[in-house]
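Have a look at the structure first, and then we can walk through it together.

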Amino acid sequence: MRFVILAIFITCAPLLRAQQSAPNEEVPSVTARSQALELAGAFANDGFKIRDGFWGGAIEAKKPQFLQVNLFAGNAYWFSASVVGIGRKLSLSIATDAGQPVQGDTFQSEQSVAFGFVPQVSGRYFVRLELTTGEKSDFALVYSYK
Amino acid sequence: MAFLRHSLAALAGLIFIGLAPAGLAEPGLSSSEMQSAVRVESVTIPSPGEFFAAIGKSGQPNWTQLFLPIPPATLASREQMALLLGVLVADGYIAVEAQDSQGVKNTGKDIINLAKKLNVSQSILSRSKSLNDFAENNDWPALREELEATQNEVKISMAEQQDEKLIPLVTIGAWLRGTAVVSEFVQKNYTPESAELLRQPAIVEYLITLLDALPEGTRADARVAEIRGGLETSLKTLNTNPKVALAPEDVQSLASTMNGLVNVIIKGNEGG
């Protein structure tokens, strides 16, 4: 039942925000972070702990950005990212230290995306984030583990 | 992967999403793309809790034995205080793993006392209360998140008072203490799988980069210089035979180096 409520909340939250907030009322990066945390919160209910740090900034269409992370074999991870602005979409993937994409599960919703996987090897990985739809905007990414 | 799908399935049934296994159709990254990857200290460096979660799957560490309160020392410099603050944060995670409520409270108190000496306590006083409340209620998941939040709050305060040079030292102190504890456990309970958790050369390279970016005066601090040397030594160990698991002697070498560096941090003024 908790997932039902969360799912509805995640879907509707951006719309509610758009309706309730006056223009220029929110700092964009805070909005992006808040949206990413909302999505990560769904996984927190499944025992995933959300890291306190985040990666953020501005992202342009078709200009992917990359982040280095260091992960542990055996832990499960969810990377959750969000972009500010209705109609924008992100794609998110993870590659190994050698640049090879890893297999995992993707969750895609309006403005937000998540990628989950369990690394087989400890070490360095690369997060690839791309704005696939919409114009330049602010984004934020957080990750959670268990 | 079943538990990942469990979370997703619940979400996917209700909302308009694309849910699919991913990764197979993606092209590989080019070397220039990998080189352009940014590193963000609070994301690129794993938290001690993350490290401990992984080792907890490879064995059953006796966290109570691994939690050794640090004896009070005469602190020589702000650099030492920042390093020690990181060590204490890692100790907090160990106390959480040991489910030692009083240990968490004591460590939280030590963190606040040290933060006071660094003039960054104001913003984390509420965190101190939260740590106590969560410890009182044995809320271990919340404590893990609160410890990281406390550490980041201290770093934000350091930045606000133009003490940015101390921020990487907090991160390094926490990483050294976490690695010292885990490597000591693996040394005594060796398996190739648990030894592989220790092979994180990219983290050590990044920590060295952070140290090299510090102002000359900070780099000249005897402890900071010694830590940089120790990190170089550990990097050589971690890069030995990268295609096979770290050998027992490599784990022993790493444990020795890391414990030596933690002692460099916690030893009193007379040693520094």
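This is a predicted model: local features need pLDDT of at least 70, side-chain atom pairs count only at pLDDT 80 or more; totals for chains, interfaces and linings use all residues.

Chain A has an average pLDDT of 84, with 81% of its residues scoring at least 70. Across all chains, the structure contains 17 salt bridges, and a few of them are described here.

**Confidence**
- In chain A, residues 1–28 have a pLDDT below 50.
- That stretch still makes 32 contacts in the model beyond near neighbours in sequence.

**A buried pair in chain A**
- A:Arg128 and A:Glu130 form a salt bridge, and their closest N and O atoms are 3.0 Å apart.
- A:Arg128 counts as buried because its relative accessibility is 15%, and the cut-off for buried is under 20%.
- A:Glu130 is buried too, with a relative accessible area of 12%.

**A link between two helices of chain B**
- B:Arg127 meets B:Glu146 in a salt bridge, at 3.0 Å from N to O.
- This pair links distant parts of the chain, as B:Arg127 sits in helix H8 (residues 125–136) and B:Glu146 in helix H9 (residues 140–160), 19 residues apart.
- How accessible is B:Arg127? Its relative accessible area is 23%, which makes B:Arg127 partly exposed.
- B:Glu146, by contrast, is buried at 9% relative accessibility.

**A pair within one helix of chain B**
- The side chains of B:Arg228 and B:Glu232 also form a salt bridge, 2.9 Å from N to O.
- Both residues belong to helix H14 (residues 222–238) of chain B, where they are four residues apart, or about one turn of the helix.
- B:Glu232 is partly exposed at 28% relative accessible area, and B:Arg228 is partly exposed at 27%.

- A:Arg51, B:Glu50 and B:Glu148 are joined into one network by salt bridges that share partners.

**An enclosed helix in chain B**
- Why can helix H4 (residues 48–58) of chain B be called largely enclosed by the rest of the structure? Eight of its eleven residues are buried, so the helix is largely enclosed.
- The buried residues of H4(B) include B:Phe51, B:Phe52 and B:Ile55.
- B:Glu50 is also among the buried residues of this helix, and B:Glu50 belongs to the salt-bridge network with A:Arg51 and B:Glu148.

Conventions:
Residues are numbered from 1 along each chain as its sequence is written. Chains are lettered from A and ligands numbered from 1 in the order in which they are written. Side-chain values use heavy atoms; hydrogens and water are left out. pLDDT is the predictor's confidence in each residue, from 0 to 100. Contact means heavy atoms within 4.5 Å. A salt bridge is a side-chain nitrogen of Lys or Arg within 4 Å of a carboxyl oxygen of Asp or Glu. Buried means under 20% relative accessible area, exposed over 50%, partly exposed in between (1.4 Å probe, protein chains only).
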